[in-house]
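Student: I am new to this structure. Please walk me through how to read it.

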Protein chains: 2
Amino acid sequence: MANITKKVSWTSRGDDAVAGEETPLLNGSEEVRYTRQLSGVGGMFHIGRLSTVDLEEDVTSDEDSPKGRPNEIPHNEKLLSLKFESLDYDNSENQLFLEEERRMSYMGFRCLEISRWVICGLIGFLTGLIACCIDIAVENLAGVKYFVVKENIEKFTEAGGLSISLILWAVLNSSFVMVGAITVAFIEPIAAGSGIPQIKCYLNGVKVPRVVRLKTLVVKVFGVICSVAGGLAVGKEGPMIHSGAVVAAGVSQGRSTSLKKDFKIFEYFRRDTEKRDFVSAGAAAGVSAAFGAPVGGVLFSLEEGASFWNQMLTWRIFFASMISTFTLNFFLSIYNKKPGDLSSPGLINFGRFESDSVAYNLYEIPLFIVMGAIGGLLGALFNKLNYWLTIFRIRYVHRPCLQVMEAMLVAAVTATVSFVMIYTSNDCQPLGPDQSEEYPLQLFCADGEYNSMASAFFNTPERSVRNLFHNPAGSYNWETLGVFTVTYFFLACWTYGLAVSAGVFIPSLLIGAAWGRLFGILLATITSSGSIWADPGKYALIGAAAQLGGIVRMTLSLTVIMVEATGNVTYGLPIMLVLMTAKIVGDYFVEGLYDIHIKLQSVPFLHWDAPATSHWLTAREVMGAPVTCFKRLEKVGTIVDVLSNTSTNHNGFPVVASMSVSDEPGKICGLILRSQLIVLLKHKVFVELARSRLTHRKLQLKDFRDAYPRFPPIQSIHVSQDERECVMDLSEFMNPTPYTVPQETSLPRVFKLFRALGLRHLVVVDHENRVVGLVTRKDLARYHLGKHGLEELQLAQT
Amino acid sequence: MANITKKVSWTSRGDDAVAGEETPLLNGSEEVRYTRQLSGVGGMFHIGRLSTVDLEEDVTSDEDSPKGRPNEIPHNEKLLSLKFESLDYDNSENQLFLEEERRMSYMGFRCLEISRWVICGLIGFLTGLIACCIDIAVENLAGVKYFVVKENIEKFTEAGGLSISLILWAVLNSSFVMVGAITVAFIEPIAAGSGIPQIKCYLNGVKVPRVVRLKTLVVKVFGVICSVAGGLAVGKEGPMIHSGAVVAAGVSQGRSTSLKKDFKIFEYFRRDTEKRDFVSAGAAAGVSAAFGAPVGGVLFSLEEGASFWNQMLTWRIFFASMISTFTLNFFLSIYNKKPGDLSSPGLINFGRFESDSVAYNLYEIPLFIVMGAIGGLLGALFNKLNYWLTIFRIRYVHRPCLQVMEAMLVAAVTATVSFVMIYTSNDCQPLGPDQSEEYPLQLFCADGEYNSMASAFFNTPERSVRNLFHNPAGSYNWETLGVFTVTYFFLACWTYGLAVSAGVFIPSLLIGAAWGRLFGILLATITSSGSIWADPGKYALIGAAAQLGGIVRMTLSLTVIMVEATGNVTYGLPIMLVLMTAKIVGDYFVEGLYDIHIKLQSVPFLHWDAPATSHWLTAREVMGAPVTCFKRLEKVGTIVDVLSNTSTNHNGFPVVASMSVSDEPGKICGLILRSQLIVLLKHKVFVELARSRLTHRKLQLKDFRDAYPRFPPIQSIHVSQDERECVMDLSEFMNPTPYTVPQETSLPRVFKLFRALGLRHLVVVDHENRVVGLVTRKDLARYHLGKHGLEELQLAQT
């Protein structure tokens, strides 16, 4: 039951508008919410409506939310940050835009369409190339490192003084990680982590600052090489998704703002709508390169991002993914001296599960479901631990040098723990003829044997996963697997969220593969019958899926990714079942890892649907009011004042028809964006100037595109006192047909419109078409289903 | 360049309304369009706007369209039929609905969500079961038939008098087909064909009459068994998609209107929104069962239908697909005496391509692309031939008995051609030890040999495809394959569109596999080098994909379906490339087969985007005007008269606020549907009666649900002369917040809103919020890109 139980009757239309300045009735949280509303700048008019019903409503719903001063807790999942802006996914169909579209011939549109395909091809190609570079760099660096350490250990095993080996290993790891962490923490902190939460936000429509810049890409790629080579419990796959997205954002714009280089191509695509579409292609290409899963990539982009499914866009995304896998395979085949062999998969190589006639049987299905539940539980534990750790980090480890030190500490501890594990392990396996190890690790074992613990720890995580999947039955003791699972679980949990660029996919798979294999071994011991239970690799695969599903909570895309990465559709059905179970069980306790981190950043993330019990709320309750509006012909001084007001920082302004009485709300006739106004001010498009100068060049869409995406701040634009008295005609530049809803529209209906069209501003009007409010992303993201029904988040300027 | 070059200036608002009765200026096609507008029923008011600009526009755009009398050509791709209604995908959020939603607790919503999952499970289960029945029935019937014929041929080969065998075969085939065709043609003609075009339309939002009824399902299933057993060049897979959709529409409603049985469950889901969502799950389950491709099924549903992508819905669709494959596999495993072996795929069994280390090489990619182009060309040819054939059928073969005779003729010809082919073939292959044939066919060959032509013709098409994929190199002569390709191509083309229930997937695959294998053999002959070219099965697979892609023009979903059906992701990349090429090449000549048939039915199908050059058009030009509106308090007589007017048959009516002057357009305050008015009239919800009767039961949402989906026609509702004078209060039942757009909104913007939200009616308002027009599906579907730019289709009452 929603805790907002007051029923708003249909007949109270609330047109008895009250001027918005008086807010003495508002309590703490309301103040926060209303700080962004401007009070009384000359020449503008406020359209206020704060009826008693609303105030009571707000008081009621505030009982659940904490009343503390939000600025003291910068990251809190009960807050929504106001610093994140939305993308303008909805085209501003102003006169300039329509004129351009109308001028364009059918062939023009065809050319644009072809350009889009070319860009997607380029995105795929470059993403594949980057993946290839990362792969080769990591393989070589890690190879050298393990070779040095192994040689050293073998030397000192006989000579004594193994502590020197340990120190060597720890120092090597820490140095790699230090370099990576310094780059990330000091140069571009947004490059930390896998970048998947940030890309999820971007695809959701949130403009995360600096997330698709070239600098981020460079730091990301360099950082991931360092952290994987540094032996952290991380994967090199997650960052590929972010890299693909940056590549897409760069290529599609035909220029680099960082490098100050404009190629004068693809100018048509310089707006948020097109850019976001290309970024989804980039993310898909990244997934595709990372896991050799083109279809999985497309599904990832769709599952995480696009609310509006468009067939042509999907095909382009698919094309980018395809080219990306293709490029990676092609270059890797050359690197591996087998040029032209394209059948190898992506960055990750799970090896192929050869399909038997009977791969699994009906009575194994319940076992798989049990494994899914275990995965869900362990995933929830992982997420909860990481949540607490992240809170701790936000409070105490927020200075860059501390972050670097923590990363180095984790690297040293990882090396030490691994060393101790390998040293104390007595799981020595004979080196059989069917040995799949590339470098058999004899470490502390008799001749002709290899250390099974080392094959799990003394390797890049990808290789360890492959070993767990494919090594024949009996390659691991159950003690080894148990100890390994526990150790690696905590290491991976500690590692995620460090100031290094790294992914969580592979560590999750590794944890899962370890306990999955353990599960298989125990099963074989209990039943003590042969054949069907004999293959623990199968259980390793299922365990890996369960653990990963329990942590990240994706289902459809993850199923396809796993199927494509293992190159076998036979296990499709069990993998689906396991992922579903893991998700259901995990969701019962805590959200997915990415969602947790998105919430901790207070990002106004819009989910797929409005909360189920939100039919109580109408646009009138959720909208921001009063709204700062402009007239069609507005004084420059007024516009500058509004834009300069740092306490509000509005980004969209309804344009209303001029009226006789200035206190009455105006009829909506358009919507104009801050960025558009900035460009107009910069070019001084004032009515008076246009009259005086005959040679006045008409402002074109090109001028807006050139300024995109880094529109200058209002402070950088000088407007003289004389110019302040001029008038700007907004008619030509505003969007004359913004979407509007009446005040009585229910929240789910508003939400659906907002989400389906990717809106940034939705104007709320009364029955006379007068502007009464404005709904933005934050107004919708505020409501969520908590433990006690519908809860409202606070807005804060963090 | 759009051929509508007249620019509508921004300032002409066209508020100079003209009453809509005078239409003498309109030419032929306009009459057709305006016949649905009502002229002068007392008590209502018209809001007309037919400015000169519009009329000129219409005249201009009509120059390209034929001026003939549309009723003489009932099926024409230049027409849009008015007989198809849209689904109400947008919820009517009226007071009753909101009250119900607000009454519902959070647990209530959880229960609903669980019900949805249960329903999807049921849909999957039943669809799988049906697929299983079809499979077993077809296998047995076809087995018996082929056994009888084979025995007979072998008997008469020695004794002479083979013409008796031929007659036996032809008669057997014709009898099966006759039974199937009679059922389809006389009982339920909508069950003809694969049903995929109909399901595409349904998912697109078009209510195709009788398409999801139980009777259709029964006829479909029975029909497909007959036609496959009758040896036609058809597959049993396409109809599964339709069957799944019918199952979904039935199960989700918790009752059967045909059987007059109401289980009193799932009542909440009795509306178009929910039903359509379930139908997409059903279609996916059908694909999943047919091809053993759960992910492919989900993608099919998305690619063909859902414009709004919702994560939870997608997961449910995925679940239904999963259960469907699972059920089918489970029952088939029992039938095949290997209970519990779930690793076998769906209805179709392509056999597994075992992955080699080098499956294909870089230099084969151009070859694959060439094959894709060939597939596109052949597909276009197939579609064009079938298009002409369909036109012919529409004109001359529209009586059921003629249709049955044509089907029988095709069956007889198929048998005769097959017989002659086998008889004249001299392609006898030795019966090797690695023979994969289940029933080696010696027909007319020496002992120890089998007839290779017979292994292609004397089999169900599925088996023939499998043979072409997997038989070792040298199993077929190139002459055999060439002749077979040509023959089967024309047979399949002739067969598609007969009044039998059958699919086109398998015949397409078979044609493609045949020429693909031929391509492989020729390649091996030309290069005359060994190893890599040695496997013609690979080329058969690529050819099959190319041919199917060239005919149906799906890419993403088809790639996944092919990959899942072959159980091997290695060929994913080449299959994608091939399908893309086939689509691009094919689209150059003619549309996909399903699209052709949809167009011939004059269905108002909405594509993904508005035509590229349609920015010229605004809502003002496309909307229907004048609009029949109702007042909040409307006289019963007026409502009955409007609803009874057969010449208009409107389905949605804006409700406007009462005004002082009755000629002025009213301010929009809601939207009410014909179906809602019918229920109100049936229950006599009149203001006067409510006053007089104290015990008057309040109308509930349940009453609307009970009447759904077969609302009685207005003629069946008796309204006395006294009651005609009563007044109905529509406030509680209308949707108070319909989506509206201003008149200046461009067509692409209107289109996007319409498509993203699945609307049925979109009200166009002026700046005073007064109703000036109504946009429906037909108004948008009318515009399409033809050879000479933007073209406008005519509307007709066919």
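## Reading the structure

Tutor: Of the 798 residues in chain A, 65% are buried. Buried means under 20% relative accessible area, exposed means over 50%, and partly exposed lies in between (1.4 Å probe, protein chains only). This is a predicted model: local features need pLDDT of at least 70, side-chain atom pairs count only at pLDDT 80 or more, and totals for chains, interfaces and linings use all residues. Residues are numbered from 1 along each chain as its sequence is written, chains are lettered from A and ligands numbered from 1 in the order in which they are written, and side-chain values use heavy atoms, with hydrogens and water left out.

Student: How many helices and strands are there in chain A?

Tutor: Helices (H or I, at least four residues) and strands (E, at least two) are DSSP runs, numbered from the N terminus. Chain A has 29 helices and 20 strands.

Student: Which residues does Ile672(A) contact?

Tutor: Contact means heavy atoms within 4.5 Å. Leave aside neighbours within four places in sequence; the partners of Ile672(A) then include Phe630(A), Phe653(A), Leu730(A) and Met734(A). Ile672(A) sits in strand E13 (residues 668-673) of chain A. Ile672(A) counts as buried because its relative accessibility is 0%. Across chain A, take the contacts with a separation of 6 or more: 79% of them join residues 24 or more positions apart.

Student: Is Arg724(A) buried or exposed?

Tutor: Arg724(A) is buried, because its relative accessible area is 19%. Arg724(A) belongs to helix H27 (residues 721-724) of chain A. Residues up to four places away aside, Arg724(A) touches Lys635(A) and Asp641(A), among others.

Student: Which residues form the nonpolar patch on the surface?

Tutor: Patches are made of residues with over 30% relative accessible area and no salt bridge; like charges are joined within 9 Å, nonpolar side chains (Val, Leu, Ile, Met, Phe, Trp, Tyr) within 5 Å. Here the nonpolar patch holds Met178(A), Val179(A), Ile182(A), Phe186(A), Ile187(A) and Phe222(A), with about 500 Å² of accessible area together. Helix H5 (residues 162-187) of chain A gives the largest share, five residues. Ile182(A) is partly exposed, because its relative accessible area is 35%.

Student: Which residues form the positive surface patch?

Tutor: Lys and Arg count as positive and Asp and Glu as negative; His and the chain ends are not counted. Arg213(A), Lys215(A), Lys260(A) and Arg710(A) form the positive patch. Lys215(A) lies in helix H7 (residues 214-229) of chain A.

Student: How many salt bridges does the whole structure have?

Tutor: Side chains of opposite charge can pair when their charged atoms come close. A salt bridge is a side-chain nitrogen of Lys or Arg within 4 Å of a carboxyl oxygen of Asp or Glu. Over all chains, the search finds 62.

Student: Where does the salt bridge of Arg749(B) and Asp90(A) sit?

Tutor: Their side chains meet at 3.0 Å, N to O. The pair crosses between chains, from Arg749(B) in helix H28 (residues 747-757) of chain B to Asp90(A) in the loop between strand E3 (85-86) and helix H3 (95-103) of chain A. Both Arg749(B) and Asp90(A) are buried.

Notes: Areas by Shrake-Rupley, 256 points an atom, 1.4 Å probe, with all protein chains shown as cover. Charge placed at Lys NZ, Arg CZ, Asp CG, Glu CD.
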